[in-house]
Amino acid sequence: MTDWIDIAALDDIPQRGARVVKTRQGCVAVFRTAADEVFALDNTCPHKQGPLAEGIVHGSAVTCPLHNWVISLETGLVQGNDEGQVATYPARVEGGRILLDTTFLQARTAA
Amino acid sequence: MTQNIIVIGAGMASGRALEHLFDAGADVNVTLFNAEPRGNYNRIMLSPVLAGDKTYEEIVTHDAEWYEANGVTCRFGERVASVDRAAKTVTAENGDVLPYDKLIFGTGSNPFMIPLPGHDLDGVIAYRDLEDTELMMAMGPQNKVVVIGGGLLGLEAAAGMAARGVDVTVVHIMGHLMERQLDEAAGYLLRKALVDKGITVLCQANSKEILGHDGKVRALLLDDGTELPCDLLVMAVGIRPNVALAAEAGLAVGKGIHVDDQMVTSDESILAVGECVEHNGAIFGLVAPLYDQAKVAAQTILGEEAAFVQKELSTKLKVTGCDLFSAGDFADAEGREDIVFRDPGRGVYRRLVIEDNVVVGTVMYGDTADSGWFFGLIRDKTDIAEMRDTVIFGPAYQGGAPVDPLAAVAALPRDAEICGCNGICKGTIVDAIEGGAGDLTAVRAVTKASGSCGTCTGLVEQVLAVTLGDDFVLPGAQPICGCTDMTHEDVRRMIKSQELKSMDAVWQECAWKTRDGCHVCRPALNYYLIADWPLEYLDDPQSRFINERKHANIQKDGTFSVVPRMWGGITTPDELRAIADAADKYDVPTVKVTGGQRIDLLGVKGEDLPSIWADLNDAGMVSGHAYSKGLRTVKTCVGTDHCRFGTQDSTGLGIKLEKALWGSWTPHKLKLGVSGCPRNCAEATCKDIGVVCVDSGFQVGIGGAAGMDVREVERLIDVETEEETIVVIKAMTQLYRENAKYLDRIYKWMNKVGLDWIRERIADPAERDALAARFDLSQTVYQKDPWAEHAQKKAAIYRPVANLTLEAAE
């Protein structure tokens, strides 16, 4: 079951940028690429917990601002020689609004 | 089947053994005990830590992630109480009993403490671990320290503290220093060098008693009645293998734990490596054989055939400014001859000990550049009959023809350490290269060599050249990143010649391989476009690193630090009050004065940034750009206002310069200094651009640095007036902005284009004025306070875009 909710306008996030959404279990970063795709990931780099929303967004990847780990926005997988994965959540754009699936968000407890 | 392995002691040998095991993909389950409350670090680098050349973090060889990634159970700060060989278990201090298939002793050694009366007083320490190092690092110019022991360890301790300004006396019982490694003549030269560093050296000095007061050390008493007052006494007289636990467990023990060529002890399930080991009557204190043992031990566990062989060893002293090398055996004996070269004027001394036309030992002091070659002669037992008359002069004088500079590197043995930070030997690098690592980046990725401080990069490149032979290409011009084949210089030329004024235009015209670049090329392109087209190009915040995008420095925990500008280092009580109020209001945990004479508010939450800036703006302060690749600070001394030596108003000039230059973006950070006289209290001679005021005017120097590289400025030009100085510096900054590669500091750029080229541009009045005019034009756009702009118009982007904490609670 899904439960899409409207969290913001697409234009609230700059192209090649990100903003965070606060949840009870911590922050989720919502990214907007140059092609206006949106992605939602945990706002935490698997390396040293860098805030991914502050990173540089390029293609469909983000570079962590602390130590330049590159993370795929599509899969959450760390690229290149490093290893790790960031949790990803369903996100989509509809009528200029960004929608997130809150059932997934609520399921993201430290299980 | 998974083997249960227990390792006792996290030292350099056991750390290396584990690395070999994991690299070979061994199916093992490892538990690592360490009495010290930490994991493996490079103990031989404690001397550079003491001297302040390195930090502890830089000498850690295995961090928590490494242990986790390899599934090592770490029991740091815990000792092993006993070993039950029959049951094949160890018992931890807390009573836990753990079974093992293989047990590795890496218990190292204990410092030997001379049982002088008073040796148990507070403030009497050995030089063995980080705690000892920290105690020594706490000493300062107000302290006196006595070091007992004039060997390697004692002298490194003494030199490290002397470098911190501590009053150090070395007490040595023998007639000359390092008597096991040096002959008398070299020992004398070493002593002279240490005395020049301000260290007092007493040889043939017998310690009688350590005197205390209230349970704390007060002085050392010698048997001739001399009293040497001290706040700390370091005993560095030697080490003894730590065999207590092994002996209790019933293993065969002599000076050390007995091992065979496979590093197996008298119990076939138990191995030992490192300083706790005795092999064929020898014990070990240097790093190269420890690493060999580690490799053999790993191979033994893996069931591979391997044998440890003792090799010739060499010694170097890690004391800055004392170049000293010793290898082999140089004792007097029947049939031995000496060749000695002495140049007291240059402080150079070389001695070769020869037996049957073979070099068996060498001592070198003052110039050790050829030590690898001489060591090769000893190791390979080369017959030197043919070159006997010139051998002492080194490889450059053999055979007439100039010797290939790579020969010295080629001559290094496999176990010669190349990268001190990570303890990587030549052999490891050669193996990596033969395994396919074809360039510096690949070698770094595979071995970690040259990945830390980078000072050995040249050596690693030489090893590459020697190993690859004709296949080696010295790194040429590198493309900016994987998104393009073009270099920074190519792209800059394209931007200017084709008048490319947007990032899309660059990607299009230069055939970028990716949709919108990456974190490496985008910040560079954004800078180039701003520098070349200040009026036409629109800055792209999304192509800036977070520090510049949010105008504050990101810290390791994701908070930020904020630095208001203090023009020329001058502030007022009102500004200080405003800063203190802001620190209180926003719960700033740390308030720090920076090296550039500004105040840093560390630990500000990202959401609070716009409001703390608004408060600071209200008090009249603007952003200090401490985060930017742009003008950061102009450091000053007090000049003529208060100083009796100041020749010009250096503070005033610093303020004028900062007001003229602030807000400008540059290829890398830009720091200036203005000193009012050659005493140089503002340290202007290690800044990117430095001004030293003298009676006749102003000396402008460029290309200083005090970061990864430490460099003194080179003199660019002397001018007579303040106005000229400001124009020269604007022109200089603009020349750098228009020509340097992104992330090249001035000194790096200067090394590429040459100081003469820069000087010609700046000395030509027409060119100088044109450059300064272009600088001023750019400032009309970019000299603005980003804090005010963001606090007023962009505060929203610092806040979460949505808050679901309430919804989730329902």
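Predicted model: local features only at pLDDT ≥ 70, side-chain atom pairs only at ≥ 80, totals over all residues.
Is A:Gln49 buried or exposed in this structure? A:Gln49 is exposed, and its relative accessible area is 51%. The residue belongs to the loop that runs between strand E4 (38–42) and strand E5 (56–58) of chain A.

Good morning, colleagues. For the complex, the predictor gives an ipTM of 0.93 and a pTM of 0.54.

B:Met263 is placed in the loop between strand E18 (257–258) and strand E19 (270–272) of chain B. Here the relative accessible area is 0%, and B:Met263 is therefore buried.

Let me now describe chain B as a whole. Its elements are 28 helices and 39 strands. Of its 810 residues, 53% are buried. The chain exposes about 35,300 Å², of which carbon and sulfur atoms supply 50%. If we take the contacts in chain B between residues at least 6 apart in sequence, 61% of them join residues at least 24 apart.

As to confidence, the average pLDDT of chain B is 89, and 96% of the residues score at least 70. Among the elements of this chain, E33(B) has the highest mean pLDDT, at 97, while helix H28 (residues 805–809) has the lowest, at 58.

I turn next to the aromatic residues. Over all chains, the structure holds 13 aromatic pairs. In one of them, the ring centres of B:Tyr527 and B:Tyr528 are 5.9 Å apart and the planes meet at 65°, so this pair is edge-to-face. Both B:Tyr527 and B:Tyr528 are buried.

Another edge-to-face pair consists of B:Trp567 and B:Trp662, with 5.7 Å from centre to centre and 80° between the planes. B:Trp567 lies in the loop between strand E29 (560–562) and helix H19 (573–585) of chain B, and B:Trp662 lies in the loop between helix H22 (650–661) and strand E33 (670–675) of chain B, so the pair ties together parts that are 95 residues apart in sequence. B:Trp662 has a relative accessible area of 12% and is buried.

Ring pairs also join B:Phe22, B:Trp66, B:Tyr67 and B:Phe76 into a cluster. The charged end of B:Arg16 is over the ring of B:Tyr291, at 3.7 Å from its centre. Likewise, the charged end of B:Arg679 sits over the ring of B:Phe645, 3.5 Å from the ring centre.

My last topic is an annotated site. Which residues does UniProt list for "binding site"? An unreviewed UniProt entry lists B:Cys637, B:Cys643, B:Cys677 and B:Cys681. These residues span 45 residues in sequence, yet no two of their C-alpha atoms are more than 10.7 Å apart, so they gather at one spot.

B:Cys643 is in the loop between helix H21 (639–642) and H22 of chain B, and with a relative accessible area of 30% B:Cys643 is partly exposed. B:Cys677, by contrast, counts as buried, at 7% relative accessibility. The loop that holds B:Cys677 is between E33 and strand E34 (689–694) of chain B. Apart from neighbours within four places in sequence, B:Cys677 is in contact with B:Phe645, B:Gly646, B:Thr647, B:Val692 and B:Cys693.

Thank you for your attention.

Note on methods. Residues numbered from 1 in each chain as written. Chains lettered and ligands numbered in written order. Heavy atoms only, no water. Phe/Tyr/Trp six-rings, centres within 6.5 Å; stacked < 30°, edge-to-face > 60°. Buried < 20%, exposed > 50% of the residue type's maximum accessible area, 1.4 Å probe, protein only. Helix = DSSP H or I, 4+ residues; strand = E, 2+ residues; numbered from the N terminus. Lys NZ or Arg CZ within 6 Å of the ring centre and 35° of its normal. Contact = heavy atoms within 4.5 Å. Areas by Shrake-Rupley, 256 points an atom, 1.4 Å probe, with all protein chains shown as cover. pLDDT = per-residue confidence, 0-100. UniProt positions renumbered as here; feature names shortened; annotations may be inferred.
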